[in-house]
Amino acid sequence: MNLRCGRISVEVTNEDKVLWPGDGITKGELTTYYRAIGTLMLPHLRGRPLSMERWPDGIEGKSFWQKDAPGYFPGWMGRAELAKKNGVVVHPVCNNLASLVYIANQACVTPHTALSRADMQRRPDQIIFDLDPSGDDFGVVVDAARSLRALLQHVGLAAFVKTTGSRGLHVVAPLRRGEDFEEVHAFARSLARIAAARDPERLTIERSKAQRKGRLFLDYWRNAYAQTAVAPYAVRARPGAPVALPLFWEDLDDMRDGAASFRMRDVPALCESRDDPWASLRRRARSLAPAVRRLESYER
């Protein structure tokens, strides 16, 4: 079949190929989902180097990560060169709807995005905290997310939340592009350390699983050059095809007993029925420097 995406028509091959055997979800459904959700998703993709998590034989087969844009990708697909040790990688960039549908046709189930845009690769425009429960107590994830939000607001930064599409939550703060990754990483670590100190019985910043002792890890390590995070509205390669869905903070009130399962087949209708929780994200970006000073004062 062909999916019309603005002025570009994208051919979807093997549309009946089942990618989620347990749910009967096909590649045609995946590409149709990304076309349907594109208006909401593209603002979080434009200008950002992508890494593609591809599942050519479905989610019960083998997957692989692909960071480079092959030569056969069409000319209208965006590209961005990122420096690496001893060379560069030319990443794909989804600047339009056609490119998003195209990578879905490549069995890219889950696009992951850089925390910076290609024109200023070493200056991130967001901070991210990854919160995954170590056990079945999702309440601690909700409490940790709210604690991080309160701290971010205290130092003058806005906080947004989304499901990971897996078991946890991401807390994201938009930034103006002033500081480099090293400075952002140091700030994220300090803020996570304060949050953990407030609730040391349940929260930790210890990377070692042996040192966590069942506590929730406040993972701030994605705040680094060339690291990525699952894109908002991306589908995950898990039973039911759950989605990394942006939320209103009030949505967490109904998630005390576990992460809500927002599924690919339901998300477009859900999004049509309510406002975009992240509509103001870019408008609320703030400089990090004042937040750093406020956090230093708070620590004293």
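Over the ring of which residue does the charged end of Arg 122 sit? That residue is Tyr 225, and the charged end of Arg 122 is 3.9 Å from the centre of its ring. A charge counts as sitting over a ring if NZ of Lys or CZ of Arg is within 6 Å of the ring centre and within 35 degrees of the ring normal. Arg 207 likewise lies over the face of Trp 221, at 3.8 Å from the ring centre.

This is a predicted model, in which local features need pLDDT of at least 70, side-chain atom pairs count only at pLDDT 80 or more, and totals for chains, interfaces and linings use all residues. Residues are numbered from 1 along each chain as its sequence is written, and side-chain values use heavy atoms, with hydrogens and water left out.

Next come the helices and strands, which are DSSP runs numbered from the N terminus (helices are H or I with at least four residues, strands E with at least two). Two strands pair if DSSP finds at least two bridges between them. Axes here are lines fitted to C-alpha atoms, for helices over the stretch in contact, and angles run from 0 to 180 degrees between N-to-C directions. Three bridges link β9 (residues 108–114) and β15 in the antiparallel sense; Ala 114 has Thr 228 in β15 as its bridge partner.

A second open sheet holds six strands in the order β13-β14-β10-β12-β11-β16, and its pairing is mixed. Its edge strands, β13 (203–204) and β16 (246–247), each pair on one side only. Strand β11 (residues 160–163) is joined to β16 by two bridges, and the two run antiparallel. Within this pairing, Val 161 has Leu 247 in β16 as its bridge partner. Four bridges join β11 to β12, also antiparallel, and here Thr 163 is the bridge partner of Leu 169 in β12. β11 and β12 form a hairpin with five residues between them, and Gly 165 in the turn has a positive phi of about 80°.

In a regular strand the side chains alternate between the two faces of the sheet. Both faces of β11 are covered: Phe 160 and Lys 162 on one side, and Val 161 and Thr 163 on the other, are all buried. Buried means under 20% relative accessible area, exposed means over 50%, and partly exposed lies in between (1.4 Å probe, protein chains only).

Which helices lie against this sheet? Helix α4 (residues 181–198) lies across β10, β13 and β14, running at about 40° to β10. Helix α3 (residues 139–154) has 16 residues, which at 1.5 Å a residue should span 22 Å, and its end C-alpha atoms are 23 Å apart, which agrees. The expected span is 1.5 Å times one less than the number of residues. Buried residues of α3 include Val 140, Ala 144, Leu 148 and Leu 151. After α3 comes Gly 156, whose phi is positive, near 95°.

The structure also holds seven aromatic pairs. Rings of Phe, Tyr and Trp (its six-membered ring) pair if their centres lie within 6.5 Å; planes under 30 degrees apart count as stacked, over 60 as edge-to-face and the rest as tilted. The rings of Tyr 33 and Tyr 34 have centres 5.2 Å apart and planes at 65°, so this pair is edge-to-face. Tyr 33 counts as buried at 4% relative accessibility, and Tyr 34 at 1%. The rings of Phe 73 and Tyr 102 have centres 5.2 Å apart and planes at 80°, so this pair is edge-to-face. Phe 73 lies in the loop between β6 and β7 (78–84) and Tyr 102 in helix α2 (residues 97–105), so the pair ties together parts that are 29 residues apart in sequence. Tyr 72, Phe 73, Trp 76 and Tyr 102 form one aromatic cluster.

Definitions and conventions:
Contact means heavy atoms within 4.5 Å.
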